[in-house]
Amino acid sequence: LPISYTGHVLKCGHTVNAAIAADVQVVVDGVDERVVAYQLSGATVCVELEQAVPISQITGEVGATGTADVVLIVTWPDGRGEICVIDAKFGYREVDPEMNPQLMMYALGAIEKFSQHTFQTASLMIAQPAISETFSEWQTTVAVLDEWSEQVGKAASKALIVYNMREQRPLLSENFNPGPKQCMWCNAKAVCPARADKVKEIIGADFDNIESAIAPDLLTNDDLGDIWSSLDFIESWAKAVRGRIEYELLQGNNVPGTKLVEGRRGTRGWDVDAEAESLLKSFRLKQEEMYSFKLLGPKPILEALKDQPRRLKKVEALITQK
C-alpha cells in the first residue's frame, strides 16, 4: 500500500509524507475500481504500468515516445476491445481529459504498441487527487483518435520541416501560431518574438479603444471582460520573461535595468537530524523541548480508518472544507 511508504526516501532525495502517500493511494484505489468494473462487465483486463509508448507517428520525431502511467487492455468475449489510459496528476490546476493531446497521443501509442489486440473504443482518464477522488473520464472511439492524429500529424510535419530548416533560412511569422495551449510547454516562450508580438497585439486591441484606462477600477465591465480572456496568456509570458532574465543574470550575462541581489536566507535546519537528536538527548532536555507534534490532516486519517465505518463517520463529522 502507498501509505506504507510514508517516510521512505526516494532516489531523487524526496521523502514520502503522509499526504503524498494518501494521494497515490487514491490513484491506486481508482485503478483497482476501474479494473473490477471492467471485469464485472465480463471483460478480461491486462494492466500495464509506466509504459513507454511510441508517438513518433504523430510528432514526426524519430524514436519519440511518451510514458503512460497506466494502460488497461480490455477485451470482451464477443471480440470488442477498449484501450484505457489513466494519467496521474498531482497539481492543483484541473486537467480536462476531453480532447487532451497528451492522453490522445498515449492512447494512440498504446494501440500501436499492443497491436496484437483490436480496439474499437478508448477511455481516457485523469486521476487528480488534489481536485477530486473521482477520476475524470472521456470516452471516445479509435476512429476519432485516428482522425485527430492525421490532423495533428500534418501540422507536426510542417513544424518539423521549419525546425530542421531554421539554420538554412530565417523563420517567417506565418511559421508561428502563439497561443495559451501552443506556448505552454515551449522552451523558447520567453524569447520568442512571435509571442511578444502577440502580447503587444492583445494589449493594443484591448486598450486602444478604452478612453478611461487610467486605472483598473475605471474600466467598464465590458472592458474588463475583453481583457480577462487574455490575462493568463499575458501573465504566463511575463513569468517566462522573468525566468529568462534570472537565468541570464545567473550565467553572468548583463540584462540592462536588472541586477542580482542576495535573497532572503532560508530557515535553519540540522545538518544531520540523528546527530542533533543524539546530542540533545545527552543534554537531558525534556521531550516537549525537543519535539513538536502536529495532527495530520483529514486525508491520511480517513485513509487509515476506511475499514472502520463507525469511527469514520465520527471523524467525518469533524471535517470542514473551505
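Me: How many residues line the second largest pocket, and which lie nearest its centre?

Reply: The lining has 16 residues. Nearest the centre are Pro129, Glu133, Pro298, Lys299 and Gln321. Bear in mind that this is a predicted model: local features need pLDDT of at least 70, side-chain atom pairs count only at pLDDT 80 or more, and totals for chains, interfaces and linings use all residues. Residues are numbered from 1 along each chain as its sequence is written, and side-chain values use heavy atoms, with hydrogens and water left out.

Me: What makes a set of grid points a pocket rather than a cavity, and what makes a residue part of the lining?

Reply: The search runs on a 1 Å grid over the protein atoms alone. In a cavity a 1.4 Å probe fits but cannot get out, whereas a pocket is an open set with protein on both sides within 12 Å along at least five of seven lines. A lining residue has an atom within 4 Å of a point.

Me: What is the volume of the second largest pocket?

Reply: About 490 Å³. That is the space filled by probe spheres set on the points, which are joined across faces, edges and corners.

Me: Which elements give two or more residues to the lining of the second largest pocket?

Reply: They are helix H1 (18-40) and helix H10 (298-304); helices (H or I, at least four residues) and strands (E, at least two) are DSSP runs, numbered from the N terminus. H10 gives the most, with 4 residues.

Me: How do the residues of that lining divide into nonpolar, polar and charged?

Reply: There are 10 nonpolar, 3 polar and 3 charged. Ala, Val, Leu, Ile, Met, Phe, Trp, Tyr, Cys and Pro count as nonpolar, Asp, Glu, Lys and Arg as charged, and the others, Gly among them, as polar.

Me: How do you know whether Cys192 and Val241 are buried or partly exposed?

Reply: Cys192, at 15%, is buried, while Val241, at 22%, is partly exposed. Cys192 belongs to the loop between helix H5 (180-183) and helix H6 (193-207), and Val241 to helix H7 (residues 221-250). They are 49 residues apart in sequence and 9.9 Å apart in space, C-alpha to C-alpha.

Me: What makes the phi of Glu50 and of Arg284 worth a look?

Reply: Most residues other than glycine have a negative phi. Glu50 has a positive value, near 45 degrees, and Arg284 has one near 60 degrees. Glu50 is in strand E1 (residues 44-54) and is exposed, at 54%. Arg284 is exposed too, at 76%, in the loop between helix H8 (273-282) and helix H9 (287-290).

Me: Finally, what makes a nonpolar core?

Reply: It is a set of buried Ala, Val, Leu, Ile, Met, Phe, Trp, Tyr and Cys residues joined through side-chain atoms within 4.5 Å. The largest one has 26 residues, of which Val71, Ile83, Val85, Leu124 and Leu145 touch the most other members. Strand E2 (65-75), E3, H3, strand E4 (121-127) and helix H4 (142-164) each supply at least two residues, and H3 gives the most, with 8. A second, separate core of 15 residues includes Val31, Leu72, Val74 and Met125.

Notes: Buried < 20%, exposed > 50% of the residue type's maximum accessible area, 1.4 Å probe, protein only.
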